[in-house]
Amino acid sequence: MKAGLGPHGVAVTDMILAYGGREHLASWQVEVSHRIKETGLNFNTDAVLALPTASSEVRLFELDNGTMSQARLAKEVWDYERYAGHRIWEGARGTIGKTYAFWSRYRYTRSEQFPTLHVVLAGKPEHLLDNRLKALAHNVRGITVPVLAITLPAIQRGEPWRQIGVDDPYRRRERYPEPVGR
């Protein structure tokens, strides 16, 4: 399964397998594009697991293989909030007069809340991964999307995830108000 993959691809595969990937192997997609043309926001989620819960149809997974800076890692996590906060007008040319969340209409149509982002840290000695996890939690404090984080060795041992972000659609709506004009 790992043949021909670079270090990041191998780490994503390890993450999928550690999360119970063999059990749900057909339910995974990798490098899923999240793009909002109007704003220029464009990023890929490393893996998306189609495993419905009561409020969401998928789980999002972002893997840092220890190659990006702390600032870039935090920016990638904040990109999910910007994506979740984008609203668009209802109706042809926005004529109905109310808005809705872009993601709920165009990406995750069967979800009641924005899907949980799972951040997995790998590629370095475990004590350094723990330091990166603490720094990430600090850098995304106050984020309004659900975020869980863990190191790859910890997920392989079956340890619990650390919650570093909570879904708060009301605060998110304050940060990302109605789009300008119709």
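**A mixed sheet and the helices packed on it**

Good morning. Helix 1, residues 7–18, lies across strand 1, strand 2, strand 3 and strand 6 (117–121), and runs at about 135° to strand 3. Helices here (H or I, at least four residues) and strands (E, at least two) are DSSP runs, numbered from the N terminus. Axes are lines fitted to C-alpha atoms, for helices over the stretch in contact, and angles run from 0 to 180 degrees between N-to-C directions. Helix 2, residues 70–85, also packs on the sheet, where it touches strand 1, strand 2, strand 3, strand 6 and strand 7 (147–151). The direction of helix 2 makes about 95° with that of strand 2. Contact means heavy atoms within 4.5 Å.

Please note that this is a predicted model, in which local features need pLDDT of at least 70 and side-chain atom pairs count only at pLDDT 80 or more, while totals for chains, interfaces and linings use all residues. Residues are numbered from 1 along each chain as its sequence is written, and side-chain values use heavy atoms, with hydrogens and water left out.

Six strands form an open sheet with mixed pairing, in the order 1-2-3-6-7-8. Strand 1 (28–36) and strand 8 (162–165) stand at the edges with a single partner strand each, so one side of each has no neighbour in the sheet. On average, neighbouring strands of this sheet are turned by 35° against each other, direction ignored. Two strands pair if DSSP finds at least two bridges between them. Strand 2 (residues 41–49) and strand 3 (residues 59–64) pair in the antiparallel sense over three bridges, and Val48 stands opposite Leu60 in strand 3.

Let us now consider one residue. Not counting residues up to four places away in sequence, His118 touches Tyr19, Arg59, Leu60, Phe61, Glu62, Leu148 and Trp161.

Finally, the whole chain. The protein chain has six helices and eight strands. Its radius of gyration is 17 Å, close to the 16 Å that the globule rule gives for 182 residues, so the chain is as compact as a globular protein of that length. That radius is taken over C-alpha atoms, and the rule is 2.2 Å times the number of residues to the power 0.38. Buried residues make up 46% of the 182 residues. Thank you.

Terms used:
Buried < 20%, exposed > 50% of the residue type's maximum accessible area, 1.4 Å probe, protein only.
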